[in-house]
Amino acid sequence: MRHLLLLCAIIFSFSAHSQPNSNSEIKDGSISGRVLDAQLNQPLPYVNVIVKDAAGKIITGSITDGDGTFEINKIPEGTIIIEITFIGYETISKQETIGKDNYDIEMGNIMLEEDAESLDEVTVVAETSTIQQKIDRKVVNVGKDLTTSGPTASDIMNNIPSVNVDQQTGDIALRGNQNVQVMVDGKLSNIPAAQLLKQIPSTSIKQIELITNPSAKYNPEGMSGIINIILHKNVNIGFNGNANVGLSYQLEPKFNSSIDMNYRNGKLNFYGSYGNNISDNRNTGLLVQTDNDISQTFNFLDERNSHLFKVGVDFYINDRNTFSVFTNQNVFDGGTLGETVTRFENNPSNNLSQRFLNENENNSQQYNVNYKLDFDDEGHHIELEVDHNIFDNELETLNRFAGSGSRPNFDEYTDVDRNRTTINLDYVNPLSETSKLELGVQARLFDNAIAYNSDARVRNEFGDYIPTSTAFDYERNIYSAYATYGNKIEKWSYQVGVRAESVQVDALAIDTDLTNNTSTDFPFENDYFQVYPSAFVTYNPSEKNSYQMSYSRRVDRPGVGQVNPIPEFNTPLISQFGNPELEPQFTNSLEVNYTRNLEKGSITAGVFYRLIEDEINQGVFVDRSDLGSGRVILTNDNFDNTSAYGFELSSSYRPTKWWSLNASFDLYTRKQTGFAESLDPTIVNPTESDIEINNVEVTNMIYNFRVFNNFKVTKSLSLSAFAMYRGPDTGLNFEMDPMYFVNLGMRYSFLEENRATFSLNFNNVFDTQEIFITSKRPFRQEVEFMPEFKTIFVGLSYRFGGSKYRAKSRKQRDDNEKSGGGFM
């Protein structure tokens, strides 16, 4: 906001200008009131309240407490101007007169409306992160306390309510489920989510939206919802920017930096950014098959070098027409050097080792064009957007074996070409002050081609390892249309919508035996039509209470990794493959939330229920090519319908002026069905007839507790403490032990207007964070992994430029709607 940079001046001006006139007959006055979100009727903490004289000179000021209230005293007589400003909201300016019979002004409830034109604005990053419960989403405003938790988006995700990151794979889960869509600025990416989160610098993140029950306007993918990461974007007049650099270390160094700049003059706004993540990551582990007396040690060194570039321009043709274009370029170069040693305690002569080296290079290119036409009525517009995304990946893996009876060395080569084109046409018409109609059509064209070659990967019926080649083409085109209607009637608001989609899937896998030059085709088609309804209702009986209920139908389409028959993971004891015939699963989701506004904060409680059709889950098979080796194969399949439900409790609270905290507790229960093969290890020379197939049903309860404390020691120095406990997680084939840890951090701001910030963070202070997994199927196993959890992070950020005048910002599809989900 345009007055945010005056905060320091306000504080100093308080003592300089709040003294009364020397005339003893002149009295001091006061103003008080409460600031609320106009749509949610909820209090807004930390809002700037600025008092000026008639000439516009600042007299004094303050910020609102956790319950949205403020009181400013010692205001001299005369005409004053009161300005209420807050990030992302329209500024309110009121004129009052302090004088006879009007010394104590009670302003009552002041309702702030969200400012759609400031949603992409880069502002001074707040010291403390805040969490806001909106009608259809939870919004985390990322402050300096969160960015010091680690250098990448993946590092800060575990600090977010309802979100978990698999510390081994980097996969992200929402409400205990990994079927979640990850978007950046409302856009999907061809980059795998785990890799993408490790490439986005944490300092580039402005907000994280958790959209657990999206409306029909959103694409319906993701059983548990959408995580939308909103990056900083500067559209201020003149030249402005931010620069950040950070280093994290335990066993290996991890460096990241970023810079974003913009120049706005007249009808053109040019902007660009660059971010990198250059890191080495060490991971060790131990697997023990207790019944077989087999053990395997792991030692991996993972290297990542990623560079992200973004360049764009907004052209404001006139007040009604805006044309925008931008491109994202993502360059990744990495690899893993790994070694596994397998020991057979009963027969040490069979011990073997595997060393592998993979080199991974990929490039992602995004090109986006947007045109928006505004009509006479405010908020009435039509918008066309075309987004094209290209992803190219080359992976080479060299496998070397040693030991008695070990298999021959072999090399693997994988090329991936992936293209996604999305075309949106959206129309928004505010029919009245309380109602709104939204219509839209969309085409999503997705094509994925994988070529794989191995000089000796699979084993034939004679026990010989043979060279193979696999080509896998997967094409999916989706054509959809949606309509939503929202209305507000006194204390009630509602919005209903429907989305219709026609999906065409065409896949073909070709396996080739390069020795005999014979091929086998595995074609697959799956065309279907689905309708996805959604409904939202909110009720605000008073300023302190708010109720929300929502329903949506969603789909989880199999990812490329789940349908790709080419091996994704391969060690002497474990291989993982996709299933090309995997079909989508559908989810009906119901959610109810209650928000209570307290004197110094707020608390939100919610429950949800999901009914899942044709559930996708994992199956475990005994490797038939080598029955006595203890090898298993992991893959996916569709199973019966199942259900999940859960409870969430979160709060933002400010016990004192120097201490604020965000805390959350969540509990999820899910029932999973699947199967797992097993083989009795005592059988000598086993055959396929000895393999048993076990139908498995598991009811799992997962619970998490998080608390993030921020302590403001001085105006420039703040300390933070984060604690997390994650309960045991039981799946179909594996059970993970509880995980708990404590992180500590500090931030110091300096230079003029606190333009620079130094950060220091110490993760896993008490060295309690670990990964320990047990399994009963198909063999009794215990697995322990030890990544680099106990890291120290040092960061420095600097803000330059500083124009206080904002340009009209470009609206992006699926960005923050004014009131979320179509409400007025």
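The protein chain contains 5 helices and 44 strands. The model is predicted. Mean pLDDT for the chain is 81, and 85% of the residues reach 70 or more. Two stretches fall below this level of confidence. Residues 1–26 stay under 50 in pLDDT, and the model gives them 50 contacts beyond four places in sequence. Residues 803–824 also have a pLDDT below 50, with 109 contacts in the model beyond near neighbours in sequence. Where pLDDT is low, predicted coordinates should not be read in detail.

Burial and contact range were computed for the chain as a whole. Of the 824 residues, 56% are buried. Among contacts with a separation of 6 or more, 68% join residues 24 or more positions apart.

The largest nonpolar core holds 48 residues. M157, V163, I172, I205, I208 and I227 have the most contacts inside this core. A second core is separate and has 22 residues, including V49, I82, I84 and F86.

The search finds 12 cavities of 30 Å³ or more. The second largest cavity has a volume of about 600 Å³. Its lining consists of 35 residues, and L231, S273, L308, K310 and N328 are the closest to the centre. By residue class, the lining has 14 nonpolar, 16 polar and 5 charged members.

Two strand residues illustrate pairings between separated parts of the sequence. G238 is placed in strand β15, which spans residues 238–249. G238 touches N262, Y263 and R264, when residues up to four places away in sequence are not counted. The C-alpha atoms of G238 and N265 lie 6.2 Å apart, although 27 residues separate the two in sequence. Q95 lies in strand β6, residues 92–98. Beyond its neighbours within four places in sequence, Q95 is in contact with T79 and I80. T79 is 16 residues from Q95 along the chain, and their C-alpha atoms are separated by 7.2 Å. Q95 has a relative accessible area of 60% and therefore counts as exposed, because exposed means over 50%.

Backbone angles were then considered. Most residues other than glycine have a negative phi. D614 is not a glycine, yet its phi is positive, at about 55 degrees. D614 sits in the loop between β31 (601–613) and β32 (616–622). N764 is likewise a residue other than glycine with a positive phi, near 55 degrees. The loop that holds N764 runs between β41 (756–762) and β42 (771–775).

The cut-off for buried is under 20%.

Terms used. Residues numbered from 1 in each chain as written. Predicted model: local features only at pLDDT ≥ 70, side-chain atom pairs only at ≥ 80, totals over all residues. Heavy atoms only, no water. pLDDT = per-residue confidence, 0-100. Contact = heavy atoms within 4.5 Å. 1 Å grid on protein atoms, 1.4 Å probe; cavity = no way out; pocket = protein on both sides within 12 Å on 5 of 7 lines; lining within 4 Å. Points joined across faces, edges and corners; volume = space filled by probe spheres on them. Nonpolar A, V, L, I, M, F, W, Y, C, P; charged D, E, K, R; others polar. Core = buried A, V, L, I, M, F, W, Y, C linked by side-chain atoms within 4.5 Å. Buried < 20%, exposed > 50% of the residue type's maximum accessible area, 1.4 Å probe, protein only. Helix = DSSP H or I, 4+ residues; strand = E, 2+ residues; numbered from the N terminus.
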